[in-house]
Structures are given as structure tokens and as C-alpha cells.
Amino acid sequence: MSEEDIQQAEEQRIEEALASSDIAIKVCGLKNSFGDQVVHEGLDLDVYRGEIIGVVGGSGTGKSVLMRSIIGLQTPDEGEIHVFGENMVGRLDDEALAIRKRWGVLFQGGALFSTLTVAENVEVPIREYYPNIGGTLRDEIAAYKIRMTGLPTEAGPKYPSELSGGMKKRAGLARALALDPDLLFLDEPTAGLDPIGAAAFDEMTRKLQQTLGLTVFLITHDLDTLYSICDRVAVLADKKVTAVGTIPELLATDHPWIQEYFNGPRGRAATAAVEREKNRAADGQPDGRR
Ligand SMILES: Nc1ncnc2c1ncn2[C@@H]1O[C@H](COP(=O)(O)OP(=O)(O)OP(=O)(O)O)[C@@H](O)[C@H]1O
Ligand SMILES: [Mg+2]
């Protein structure tokens, strides 16, 4: 066996192990830069299948760039990104395409096409990846996804400019769910929503994740979201994932940003709200919103 064969066999072994493992996304040694600005360096992250992982970090730490790297919109300078066992960096082949079909994305700010109706927006990925699906079936799928996110059927023919902020987020989510994904990327889905709207969106995310068995990569600044629906949290700081774990695990670290973030006044308020909720549930009282 040549050295090349051995290396190939090793790569295949790793890919097979990843494909059958509990890891949905594996990022190793990621480096991203824009000119002189290095955003990520030596960034590693594992996302487990079936979890909701919250991704936090100060503004500009590279959360959205990390998401864009994983979904192939940003080519890293260095590093590997495996999704369901396939290394996706720089790949445009059929196997990579098959993986791309397994995820849905809600971009920061929604990113709906303003000249398309909600239904047409939801149909975009279907048209792109399944051009053979006919108009009637496409309309049915779009209507189903729109209902699934709690929007009224009448929202289908509306344009984004005719929707409230919360409705736009749901429309974006409907589009992200268009291809029945296994993996969902959400970039700040509750930003700009009022607390009740944000709580409702979180609840819906959790329900969808549980019923559809989704893995969710969720970028957020929203402490309530982290406490109420995330299984683990990854913290971006110093150009890498500086810590990852459950919130109690993170609190046990002494990283200044983590302490400030979770133990600052807003962090304490979110913790207190979760405690109140737990006590209410234990007393058998109806749910109280945050
Ligand atoms: N296409 C680009 N060209 C040049 N610089 C970029 C580009 N995209 C992102 N950056 C820079 O990379 C850094 C990280 O950006 P990113 O959007 O990932 O931040 P973020 O953590 O998502 O912040 P926020 O919480 O504000 O959304 C920023 O300094 C940003 O200016
Ligand atoms: Mg961002």
C-alpha cells in the first residue's frame, strides 16, 4: 500500500466514523480572515446530532461568518468542516449537494426576497434543488410549511413588506423548513421580537426540533433563548470557540466574558425567570411567560 493509499484509507475511515457518529457538524482548525483582519483562528467545534446548540459571542466575533463557513458561503483560509461525515470545504460535487439539501437556513434579518410573496419565498429552495416538482405540489408544500410555523394561510400571498417582524421570522423559518431538513441554522431568530413573540418563537423551535428530530445551530444574543431551549452553548471569543457546554458548565469557567455575560444583571434576570418557571411547573400552575 502506498502512502497515498494509507492516507486515503484513513480519510475514509474518519468519514465513515463521522457519518455514523453522533456528530452532525465537526469544525477543525478553522481560520477565516478578511484582509488583515483575522476573524477565526484554530477554531474547533462539534455539534451533536439532535441537539440545539446556542452560539454566543460579542458583536463582530464571527458568529455569522462561522455559520456562513459551515454552509459554504465563506471559503475558509484553513480548516475542515464536516457535515454528516462529509468534508464540505470547497466541495461542489453531488455528494456535497446531497448534504446541502439536508439543511435549512434562516439568515440574520430574515433575508426574504422582497419582490416575492411569502409562498414564493418558501418555494425558492424547492425550485432550486427539486426543479422537477410541479407547481401544484410546490404550492401545497409551501402552504404546509407556512402553516407549520404558525402563520395564517392568508400570509402566503403577502409580500414581506406587508408582514410584522415576527411574521417575517416565521416566513423565513418556513423557507428554511422547505426541504424537510435534518439540520437547521438560525442566525439571531428572535432579534427584534417583543418578549412574548420571542418566547413563542423559541417554543416553536423546540417543538419543531423535537417532532422533526432536528439538529439546530442557533446564533443568539437572547439569554432567555439560551436558558429555555439550548442543550449546550458555544462561546466565541478570542477568534475561537473558547468554551462549550451546558450553562452550568460554562458558569464553572472563569472566562471574563462568560462571567460578565451570564452573571451580569440580564443573565441573573434570565436565571431567575427560569427558576420561577421551574417552581411554577413543580407547583402545577399554568405556565407564566417570561
Ligand atoms: N464579507 C465580509 N467582508 C469583510 N469583512 C467581513 C465580512 N463578513 C464579516 N466580516 C467581518 O468579520 C467580523 C465578524 O463578522 P460576523 O458578521 O460574523 O459577526 P457576528 O459575530 O455575527 O456579529 P453580530 O452579533 O453583530 O451579528 C466582523 O468584524 C465583520 O466586519
Ligand atoms: Mg451576526
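Predicted model: local features only at pLDDT ≥ 70, side-chain atom pairs only at ≥ 80, totals over all residues.
View 1. Glutamine 37 puts a polar side-chain atom 2.7 Å from an oxygen atom of ligand 1, and for lysine 63 the distance from a side-chain N or O atom to a ligand oxygen is 2.8 Å. On its own, ligand 1 exposes 630 Å², and the protein buries 65% of that (Shrake-Rupley areas, 1.4 Å probe).

**View 2. The shell around ligand 1.** Zoom out a bit and there are 15 residues around ligand 1, with Gln37, Ser59, Gly60, Lys63 and Val65 coming nearest; a residue is in if one of its heavy atoms lies within 4 Å. Strand 2 (37–48) and helix 2 (63–70) are the elements that give two or more residues to this shell, and helix 2 gives the most, with four. Both are DSSP runs numbered from the N terminus (helices H or I, at least four residues; strands E, at least two). Sorted by class, the shell has three nonpolar, nine polar and three charged residues, with Asp, Glu, Lys and Arg as charged and Gly among the polar ones.

**View 3. The magnesium ion, ligand 2.** Ser64 (OG) and Gln108 (OE1) coordinate the ion at 2.1 to 2.4 Å. Donors here are N, O and S atoms within 2.8 Å of the metal (3.2 Å for Na, K and Ca); water is not among the atoms, so the site may look incomplete. The two residues are 44 apart in the chain: serine 64 belongs to helix 2, glutamine 108 to the loop between strand 6 (103–106) and helix 4 (118–129). Serine 64 is buried at 19% relative accessible area, while glutamine 108 is partly exposed at 41% (buried is under 20%, exposed over 50%, partly exposed in between).

View 4. Four strands line up in the order 2-1-4-5. Strand 2 and strand 5 (86–87) stand at the edges with a single partner strand each, so one side of each has no neighbour in the sheet. Strand 1 (residues 23–34) pairs with strand 2 over eight bridges; pairing takes at least two DSSP bridges. Lysine 26 stands opposite aspartate 46 in strand 2.

**Notes.** Residues are numbered from 1 along each chain as written, and chains are lettered from A and ligands numbered from 1 in the order written. Local features need pLDDT of at least 70 and side-chain atom pairs 80 or more, totals for chains, interfaces and linings use all residues, and side-chain values use heavy atoms, without hydrogens or water.

Definitions and conventions:
Polar contact = N/O pair within 3.5 Å; in protein donor to acceptor, adjacent residues only side chain to side chain. Buried < 20%, exposed > 50% of the residue type's maximum accessible area, 1.4 Å probe, protein only.
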